[in-house]
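Here are my notes on the model you sent. Please keep the structure open while you read.

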Amino acid sequence: PICGDVVIELSRIPFGTGTGLTSSECFTYDGADDNFRVGRNNYFYESCCSSAISSYNTYTSYSCNSSIIASICSYNCCGRTNVILGGAYNSNCYSDASGIIAGDRNYIGYSNNYTVIAGGSRNSAFGFESYSNFIGAGRCGVLDYACESTILAGCRNCIQDSGCSGILSGRSNKIYTSQESTISGGRGNVVNSSIHSTILGGYANCVVCSNDSAVISGYYNCLDTCSDSSLILGGESNCVRGGFDSFNSGPPYYNNYSCQGRVDNSGIILGRNHRMTCDVFESVIIGGINNQICGTVILGPGGSSYRSCTSVVLGGNYNRISNTRAGMIAVSESYDGRNRINKSCNSAIIAHCSYEGARICNSENSAIVGGYSYNNGYICQSSNSFIAAGYDNRILLSDNAFVSGYNNNVCYNFASSIVGGYQNTVQETSYSSRSEEHTSELQ
């Protein structure tokens, strides 16, 4: 047949300029605005060069070069070159060159340009000047003021005010104000104000104000405030924390910190309730329970300084290292929290089990190796001193002293020693020694 000036084949429906037929019940071409629709109840308002194809009850308003294809009750608004392909109740508003592919009740809005949501349900990407984001499947994921970031799957995951970051899966994980950081699975994990940091699985772990750091698995572990290049590997309730100006009782990702001290290049591997705090460098806690490596502020004419670095806690229970350099507690157990190193350099407690004993206090280059301390067994305010094995030994206010054996004592001495024996004592004497004597005393 001939429609106007155009010859139409019998198998085709004529439409467009010059055909004399521009619409049918479910098939309409608007020649004035170049809009095209196939299906029922599809509407265009102040739009041009757009289409709704094989869709039902869709709306395209203030949009150009946009399409809704094979979708139900979806909405394109105030954008250019956008697409909704499949799915139901999806919305794409105030964004350019963005798309929603399948899924249910997904939303792109508020200048989130060049962004894609591919499937899933109730996912959202919005925020002014956001761009190049991706949500793939999952449910209730949120990209808020994010750029070049991804939520790949999972439920209730969120990336906010961040760039080049990603959450790969999991549930209720969050990345805030961070760059090039990642959460890979797990639940309730948080990365906040960090760069190049990662949480790999686990539950309720966090990295806060720490760069180039990672928490791998475990739960309630935290790299908190200026803990750069540090690691927590598994375990429970472990914390690496630098100094800060203020802290409140809320979740760590709601606080604003100003770094006063740092904890860098340090790590906690397995174990439970370990702490590294305030300027600890190149130190590690491996296994055990309730161990600490802690630096303390030292005030002086030049301001604050922090003195804890290159320290190790290897296993054990309730041990402490405080204000030390190159200190070590290895495979040691202490009931009532009395096994400790305090304000010491190059000191060690190794394989020691003590009840209110085995202390190293204000000492340099000192060691307790092996042995068992019931009440005493400590080195106090001493340099270059040594206790090796034995039982209930002590060195007090002494330099260059050595003790071995059982229930021995070096007190107020310089360059003194006790080797072996039983209940030997050296007191208030310089350049003295006692070897293999029983209950004797030099004064």
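1. Ser111 sits in the loop between β13 (107-108) and β14 (112-113). Strands here are DSSP runs (E, at least two residues), numbered from the N terminus. This is a predicted model, where local features need pLDDT of at least 70, side-chain atom pairs count only at pLDDT 80 or more, and totals for chains, interfaces and linings use all residues. Residues are numbered from 1 along each chain as its sequence is written, and side-chain values use heavy atoms, with hydrogens and water left out.

2. Look at the backbone of Ser111. Its phi is near 60°, a positive value in a residue other than glycine. Most residues other than glycine have a negative phi. Ser111 has a relative accessible area of 23%, so it is partly exposed (between the cut-offs for buried, under 20%, and exposed, over 50%; 1.4 Å probe, protein chains only).

3. Ser237 also deserves a check. Its phi is near 55°, a positive value in a residue other than glycine. Ser237 lies in the loop between β30 (231-233) and β31 (239-241). Is Ser237 buried or exposed? Ser237 counts as buried, because its relative accessibility is 16%.

4. Now the strand pairing. Two strands pair if DSSP finds at least two bridges between them. Strands β4 (residues 35-40) and β6 (residues 51-56) run parallel, joined by five bridges. Gly39 has Ser55 of β6 as its bridge partner.

5. Which strand is joined to β6 by three bridges? That is β8 (residues 67-69), and the two run parallel. Ser51 has Ser67 in β8 as its bridge partner.

Conventions
Helix = DSSP H or I, 4+ residues; strand = E, 2+ residues; numbered from the N terminus.
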